[in-house]
Amino acid sequence: MRRRGNGAWRVVVLAVLGLYFLIPIAASVWYSSRSNGELTAEFYTGIPSAPGFAEAFGRSLTLAVLTVVISLLLMLPTMVLIDLRLPRLRSTVEILTLLPLVLPPIALVVGVRSVLAWAPDYFYGTPLADAFFALQEPSLPWILVLVYVVLALPFVYRALDAGIRSVDLKTLTEAARSLGASWPRVLVGVVLPVLRTSVLNAAFLTLALVLGEYTIAVILGFQTFPTWIVEIAGSQPQLSVSVSVLSLVVTWGLLLLISALDRRRAGKDS
Amino acid sequence: MEPGDLGLSTSTTPRRSRGRRAGLLAALGTVPFFGYLAVFLLLPIGVLAVEAFRATDPVTYQESWSTDSIVAVTDGAYRRAYLGSLQLSATTALLAAVLGLALAVAVLQAKRGRLLRRLVLTASGVLANFGGIPLAFAFIATIGTSGVVTALLGDLGVGLGGFSLYSMTGLGLVYLYFLVPLMVLTIVPALEGLRPQWREASDNLGASSWQYWRHVGGPVLAPPVIGATMLLFASAFAAYATARALVGSSVPLVPLQIADALSSNVLVGSENLGKALALGMVVLVGIVMVFYTWVQRRTQRWLQ
């Protein structure tokens, strides 16, 4: 009897939240597929040729790939090393990597801006100033990559940590070492394949994060995909909504891909 | 450092010093990680903390130590912005925590609900990351001035009843769109940790549902629920993109004020004001985190 009574609130919760989450998506699709009351796909087909799209999206994609590569190069060896040799450092590394999760990005970027201002203020004419200016090249702003690596840390850490905890790296690496493999070979030939799903997971999450990041890019004054959407929204509101719908679909696709990979691997292991 | 030197060398040095050397080399391997964080996380925040106490003279452009910016951001419009940000993030975090918890429990308890469960979990994964700009535009298309639902309600003669998307309440409604899924994602593992045997044991002993949650489920879930709520709070407190795209700077929020201070080229010293505002955010988040660890420790001790 009691169980049946509990069923009602469950239906209410699912129905109300279901509507809340579906209506904005449905409304966005409706809004962006109509022109003068008629059904049209022009706001979707018009995206690739929209002024500035190719450049902004291409730049965001490049930034995303660079962020993924640097994050993995930085975190994978560190976390393997911590797991194998320095377990006492684990909690320190964990707290430090989770810090960007609670630290407001806008506060971080104000700090980054202050540091970048040292170049004209204090270092002018030195090689250091030239390096600072090179980081802020508008066509490929490396400074964004360097800050995005920090923002991606919590996600990369948790994805890799889940993988590392589920396998016995110690036995695997010792076996490989005793068979005469060098350390780089162990990393590429043993650790990377074992952690494949975690690495992919970390890469996809970072990709989604960078493609959607707005705060850092706009405060430092660089043109990326999200700042471009805001820019066109004033003159072409329907285009901005169609791009938003598409970016939702793409993120969904990426995450479904991860869970499919996860399940295939889980099926193989068991 | 060569990765091949990680201490498994076959030299004939006595075991003890070899172990020490290996430990030292292993520790050296963490230098890139700690170095990176020092430069790109701790240095910017440190600079913020120092330069918030600097002031530029409007006439001579001379810099000096001063608490002017710090004093300025604790009063007037800036004080309102802090209160607005705190109120918005606390309200939305608490609401999202309750709704997210209810949704997670509803989905996990559903019998034959494996499809529903996978659907809700993957959807949460997407929507929790679907923040910022696209979210703002989706809501503008829905209940903005020329939104689809706005038009529909207008045709029905109902109207929005004084509700505006471009207000604090409207912003809260939008924030829930990424906070509720975030709650579901972070709390599901904890809910799955509740053993069904505990519920069975409590049922067999004649306890009511309320008694089970009061004495068993609640105390076990309290620390993860408080932790998740703090995460939601931090997430709402930091949100900038959604607010910028929706309300410009008409609603008093700290991130909007910071951006305004930074982009103002007219006012000398507004850069320092931006730093002081940002430092205030860091300090507030820090206080919340200290409070959180204190509560965590209390509840854990109480559980033992």
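Reply: A crossing is left-handed if the near helix is turned anticlockwise from the far one by less than a right angle, and right-handed if clockwise. The model is predicted: local features need pLDDT of at least 70, side-chain atom pairs count only at pLDDT 80 or more, and totals for chains, interfaces and linings use all residues. Residues are numbered from 1 along each chain as written, chains are lettered from A in the order written, and side-chain values use heavy atoms, without hydrogens and water.

Me: What is the handedness of the crossing of α5(A) and α8(A)?

Reply: That crossing is right-handed. The two helices (DSSP runs of H or I, at least four residues, numbered from the N terminus) pack at about 145°, and their axes are 12 Å apart. Axes are lines fitted to C-alpha atoms over the stretch in contact, with angles from 0 to 180 degrees between N-to-C directions.

Me: Which residues meet there?

Reply: Pro105(A), Leu108(A), Val112(A) and Leu116(A) of α5(A) meet Ile143(A), Val147(A), Val150(A) and Leu151(A) of α8(A), where contact means heavy atoms within 4.5 Å. Eight of these residues are nonpolar, with no polar and no charged ones. Ala, Val, Leu, Ile, Met, Phe, Trp, Tyr, Cys and Pro count as nonpolar, Asp, Glu, Lys and Arg as charged, and the others, Gly among them, as polar.

Me: At what angle do α8(A) and α2 of chain B cross?

Reply: Their axes come within 10 Å and cross at roughly 105°. This makes α8(A) roughly perpendicular (65 to 115 degrees) to α2(B). Val145(A), Leu146(A), Val149(A), Val150(A) and Leu153(A) of α8(A) meet Tyr36(B), Leu37(B), Phe40(B) and Leu41(B) of α2(B). The classes there are nine nonpolar, no polar and no charged.

Me: And what about α5(A) and α12(B)?

Reply: The axes of α5(A), residues 105-116, and α12(B), residues 254-263, come within 10 Å and cross at roughly 20°. The helices are therefore roughly parallel (under 35 degrees) to each other, and the crossing is left-handed. Ile106(A), Val110(A) and Arg113(A) make the contact with Pro255(B), Ile258(B) and Leu262(B). By class there are five nonpolar, no polar and one charged residues.

Me: New topic: which residues line the largest cavity?

Reply: Its lining consists of Met79(A), Ile82(A), Asp83(A), Arg90(A), Val93(A), Tyr157(A), Asp161(A) and Ile164(A). Helices α3, α4 and α8 of chain A each give two or more residues to it. A cavity is a set of points on a 1 Å grid over the protein atoms alone where a 1.4 Å probe fits but cannot get out, and lining residues have an atom within 4 Å of a point.

Me: Which classes are in that lining?

Reply: The lining has five nonpolar, no polar and three charged residues.

Definitions and conventions:
Angles under 35 degrees count as roughly parallel, over 145 as roughly antiparallel, 65 to 115 as roughly perpendicular and the rest as oblique. On a 1 Å grid over the protein atoms alone, a cavity is a set of points where a 1.4 Å probe fits but cannot get out, and a pocket is an open set with protein on both sides within 12 Å along at least five of seven lines; lining residues have an atom within 4 Å of a point.
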